[in-house]
Amino acid sequence: QVQLVESGGGSVQAGGSLTLSCAASGAAFDNVYMAWFRQVPGQKREAVATIHTSIPSAGFTTYADSVKGRFTISRSNAENTVWLRMDSLKIEDSAMYYCAATSPMWYSQTFKSLESDHYNYWGQGTQVTVSS
């Protein structure tokens with residue numbers, strides 16, 4: 001059974017940094033898209049960053065415009081783990097952050113990896129709160 005377990009959330013002041021981790025188990029994750037989404041109560045779930053796990057170097061990554069230059073997604077296939085490094089945090093980054101994974105699929109330039117409907121597996125989330 002596929003499991004995604006997030007950790008690393010917490011409270012931080014604006015301008016600070018946090019690193020979220022997502023530990024995956026129950027399947028092979030060496031040829032999937034993995035992603036971080038976030039959601040504020042009453043609002044739509046928003047994609048933050050995605051990565052395809054099959055590329056041995058930096059991997060193919062995609063970022064939401066709102067986090068480009070501040071957030072970095074990375075992964076270790078050996079550890080079945082994906083991280084989200086968040087720098088220069090803003091109050092509006094406060095949300096529940098979710099890790100997600102697709103079923104096995106090859107990387108494609110035309111694949112819209114920021115769309116949540118593509119993801120079959122989801123973690124329970126980890127809360128990030130940014131204060132002034």
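How many aromatic pairs does a search of the whole structure find? The search finds six, where rings of Phe, Tyr and Trp (its six-membered ring) pair if their centres lie within 6.5 Å, and planes under 30 degrees apart count as stacked, over 60 as edge-to-face and the rest as tilted. The model is predicted, with local features requiring pLDDT of at least 70 and side-chain atom pairs counting only at pLDDT 80 or more, while totals for chains, interfaces and linings use all residues. Residues are numbered from 1 along each chain as its sequence is written, and side-chain values use heavy atoms, leaving out hydrogens and water.

A pair of aromatic rings is described by the distance of the centres and the angle of the planes. For Tyr-33 and Tyr-107, the centres are 6.2 Å apart and the planes stand at 35°, so this pair is tilted. The two residues are 74 apart in the chain and link distant parts of it: Tyr-33 belongs to strand S4 (residues 33-39), and Tyr-107 to the loop between strand S9 (95-101) and strand S10 (121-122). Strands here are DSSP runs (E, at least two residues), numbered from the N terminus. Tyr-33 is buried at 2% relative accessibility, whereas Tyr-107 is partly exposed at 30%; buried means under 20% relative accessible area, exposed over 50% and partly exposed in between, with a 1.4 Å probe and protein chains only.

Tyr-107 also pairs with Phe-60, and these rings are stacked, with 4.0 Å from centre to centre and 15° between the planes. Phe-60 is partly exposed, at 38% relative accessibility. Together with Phe-111, the residues Tyr-33, Phe-60 and Tyr-107 form one aromatic cluster.

A charge sits over a ring if NZ of Lys or CZ of Arg is within 6 Å of the ring centre and within 35 degrees of the ring normal. Arg-45 lies over the face of Tyr-98, at 4.3 Å from the ring centre, and over the face of Trp-122, at 4.4 Å.

Turning to the strands, S3 (residues 18-25) has a covered face made up of Leu-18, Leu-20, Cys-22 and Ala-24. Its uncovered face carries Thr-19, Ser-21, Ala-23 and Ser-25. Strand S3 pairs with S1 (residues 3-7) in the antiparallel sense over five bridges, pairing being assigned if DSSP finds at least two bridges between two strands. In S1, Glu-6 stands opposite Cys-22 of S3. Strand S8 (residues 81-86) runs antiparallel to S3 and is joined to it by six bridges, with Leu-18 opposite Met-86.

Note on methods: Helix = DSSP H or I, 4+ residues; strand = E, 2+ residues; numbered from the N terminus.
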